[in-house]
Amino acid sequence: MNITECVPLAGRGLVARRGHLVALTGGTDAGPDPLLTALTAVAYSNGDGAALALAATRAAAERGGRPAWACAGVTLGEEVAVLVHGEAVALVSADGSPEAQVTASDSAIPVAGTFTGAVVTVRLVIGPPAPPDPRLWLEAGTVFGGGIALTIRQAKPGDLTPNGQHAPAAAISPAMEQAAVNMVLHPPAAGPAVPVPPGVAPGEVYPQDELPLREAHERLINGRSSCHTFLEKLSGDYPSIRVWSPV
């Protein structure tokens, strides 16, 4: 599946896209936003939508509270994974069906689900959804916004998929795999607050965060285990994930 439309919606917050992965955050944290940091780490490691949902769940548990977060991404199984937390909402329609609303309600942890269809539309919003402006388009990067509207379609044979998500997996040692997992999902504890460096947009990865992310990326590219092994390890490490599925 490929994202064929990606339109940021007006509002307060931050919207980001990395290939076939997108995220929305209220952007209330000082310094780098934990959800956007997780998004970038998963994208660097060629992770899919399921890996993003797991990384976002871990980031939410480490941060605490109920931040307004939402994310979505294409999975290796050609599904669309969606996650919401706090007051964020996802409105999802598969093949023209009425929109299903995914909310976290009063849950202390994020709620996630997967959708499938030839055409899946997703709106991730914080607050009342603003109408999409067809003149806008987010190819990559981070912009201000209170939501994002996506159209995701089944890929045609021969289409290239973003971020190399279907590249053959190579075996790696358990020690290297664990190091990659710790690097991606257990970032170092935040130190004293520092001024925002010139040229760094709110919520983006700071220069001091770039090296660990690139190291994780190189470890996974030079010898990456199969996605199934990677996700099994993460799921076993965080068994309390709640999964929401449409009827």
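The following conversation discusses a predicted model.

Student: How many residues does the largest nonpolar core have?

Tutor: That core has 29 residues. Those with the most contacts inside it are V22, V82, V120, V122, L124, I148 and L150.

Student: Which elements give two or more residues to this core?

Tutor: They are β1 (2-9), β3 (21-25), β4 (69-74), β5 (80-85), β6 (88-94), β8 (111-115), β9 (119-126) and β11 (147-153).

Student: Let us take V122, then. Leaving aside neighbours within four places in sequence, what is V122 in contact with?

Tutor: V122 is in contact with V80, V82, L91, V92, I148, A149 and L150.

Student: Now to L9. Is L9 buried or exposed?

Tutor: L9, which lies in strand β1, has a relative accessible area of 3%. Buried means under 20%, so L9 counts as buried.

Student: Which residues are in contact with L9, leaving aside neighbours within four places in sequence?

Tutor: They are V125, A130, P131, P132, G145, G146, G147, I148 and A149. As for G145, it is 136 residues from L9 in sequence, yet their C-alpha atoms are 5.6 Å apart in space.

Student: What caps the N-terminal end of α1?

Tutor: D33 does, with a side-chain oxygen 2.9 Å from the backbone nitrogen of L35. After α1 comes N46, whose phi is positive, near 60 degrees.

Definitions and conventions: Residues are numbered from 1 along each chain as its sequence is written. This is a predicted model: local features need pLDDT of at least 70, side-chain atom pairs count only at pLDDT 80 or more; totals for chains, interfaces and linings use all residues. Side-chain values use heavy atoms; hydrogens and water are left out. A nonpolar core is a set of buried Ala, Val, Leu, Ile, Met, Phe, Trp, Tyr and Cys residues joined through side-chain atoms within 4.5 Å. Buried means under 20% relative accessible area, exposed over 50%, partly exposed in between (1.4 Å probe, protein chains only). Helices (H or I, at least four residues) and strands (E, at least two) are DSSP runs, numbered from the N terminus. Contact means heavy atoms within 4.5 Å. A polar contact is a pair of N or O atoms within 3.5 Å; within protein, one must be able to donate a hydrogen and the other to accept it, and residues adjacent in sequence count only if both atoms are side-chain atoms.
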